[in-house]
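Please look over the structure below before reading on.

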Amino acid sequence: MPTLLQLPNELLSLIACELNLRSLLDFRLASRHLNALSLPAISKRRFEIRYVMLQQHSLENLIEISRHRVFGPALKTLTICIDHLTEQPEYGRTIWHWGDSVRMYEEGDLIPGVPDPSLREDSEEVVVNRPAYERLLEDQKFMMESGLNTTYLTQAIAAFPNLETVVVDDAFKPWGAAAQERQTGVPMANGIEDLDSIEFVVQTLRGIVLAIAASNISLYELDIAIGRLEGGISPDMLVFPRPVLRYIQSHPINLTSLCLSVSPRNRTHPNSELVGELLGFITGFPGLQRLSLEFNYREEHEHFPAISQTLRLPGLRYLGIDAVQCTESELGTLLLGHKDSLEEVSFSLINIISEGGSWQSLLATMRDELSIRVLTMENCLSADEDVYYRERGSDDVTYLKGFEISGPRQDWTDAINGITIGNKGK
């Protein structure tokens, strides 16, 4: 019987690809030959997505990866995390990177009954290394105020040949955060609850957009997902100073898809013009073909009428709307405003308000006046009652979870006739 090292290289590579992360790391240590053969598997597992923060050591590591002959070309998604230091250390607060929990569970590294390592709760007995904390806080301020963060990001983004997506998020623990926490004795903040954090996130968003513009790359997607579980950012955090806007206008960003998670309730300036600020940011990417707009706290019919009447993107092919209360007419106005280009629509947690029309009528409008190839509906309501679907010739009803219409005109007609409201469709 052949030993492991006597197996063909192709078979060894396949074995490496099937191992979980811990086993893969052990596999690499067996010999130099296996280490070399496992590089593609390691690249896919650890370098297709990288999580960094706007801290010098973390960004320098990112640039080193961009120069690697295997790891650099592997990167497709760059997630920029908002972990940061505040004027007052994070005493006694639970810091949870929920995305890490999901990822570890999917990879088999999170075992039921074992404490989640992504969840840390500090006690009052934590000892803060004040000199280290103050030094790192000053470094953070300098990186933001000097624009050095943007310089590093621009260099890195331009160097990755296969980069497709940039995500701005608080769900994952970035590379370098654990080392910094060991130096200071306390975790970094990753929320937007106080003014320090809000200002940091505002500067972060500006720096990221500037870096994308300066790198002169074609990017598939920008996903701003900060606070997805806790309300999202306010659109007034997306307002850029005139010099920044002037630079972006002279260096237009070639972006295909934009995902925005926003909260009308979390505005930082009470007198801000939410709709104008939101649409001003969106229309700053004139080549958009895909737009996903998520209101983390349901948009209570205060701003959506203006959004539906004003938002117009000439080349929009996909539109996703999440968590809105509105009328059939308002949804129809938004869709018909893109009738020349729109091909795919996704509705999630949409509630057509009482006396605001019906889903049946909206679907008929989409069937008759638009050329929609695919419509998906998830957890939608009508006058606060659940929407169900009954198959033609069947007494069974289905809750609208992952419901899709993607066929010919008759499929749309069947869907319209099968829509029922409330009491499980009975």
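D384 counts as exposed because its relative accessibility is 56%, where exposed means over 50% relative accessible area, buried under 20% and partly exposed in between, with a 1.4 Å probe and protein chains only. This is a predicted model, in which local features need pLDDT of at least 70 and side-chain atom pairs count only at pLDDT 80 or more, while totals for chains, interfaces and linings use all residues. Residues are numbered from 1 along each chain as its sequence is written, and side-chain values use heavy atoms, with hydrogens and water left out.

D384 is found in the loop between strand 12 (381-382) and strand 13, helices (H or I, at least four residues) and strands (E, at least two) being DSSP runs numbered from the N terminus. Although D384 is not a glycine, its phi is positive, at about 70°. Most residues other than glycine have a negative phi. N216, in the loop between helix 11 and strand 6 (218-224), likewise has a positive phi, near 60°, and N216 is exposed, with 69% relative accessibility.

What is the relative accessible area of S308? S308, which belongs to helix 14 (residues 304-310), is buried because that value is 1%. Not counting residues up to four places away in sequence, S308 touches E330, T333 and L334, a contact meaning heavy atoms within 4.5 Å.

The packing of helices can be followed next. Helix 5 (residues 56-66) and helix 9 (residues 148-159) meet at an angle of about 20°, and their axes are 9 Å apart; the axes are lines fitted to C-alpha atoms over the stretch in contact, and angles run from 0 to 180 degrees between N-to-C directions. Helix 5 is therefore roughly parallel to helix 9, since angles under 35 degrees count as roughly parallel, over 145 as roughly antiparallel, 65 to 115 as roughly perpendicular and the rest as oblique. Among the residues that make this contact are L59 and I63 of helix 5 and Y152 and L153 of helix 9.

The largest nonpolar core has 98 residues, and I282 is among those with the most contacts inside it; such a core is a set of buried Ala, Val, Leu, Ile, Met, Phe, Trp, Tyr and Cys residues joined through side-chain atoms within 4.5 Å. Helix 11 (residues 195-215) gives the most to this core, with ten residues. Leaving aside neighbours within four places in sequence, I282 is in contact with L258, L260, L288, L291, L311 and L313.
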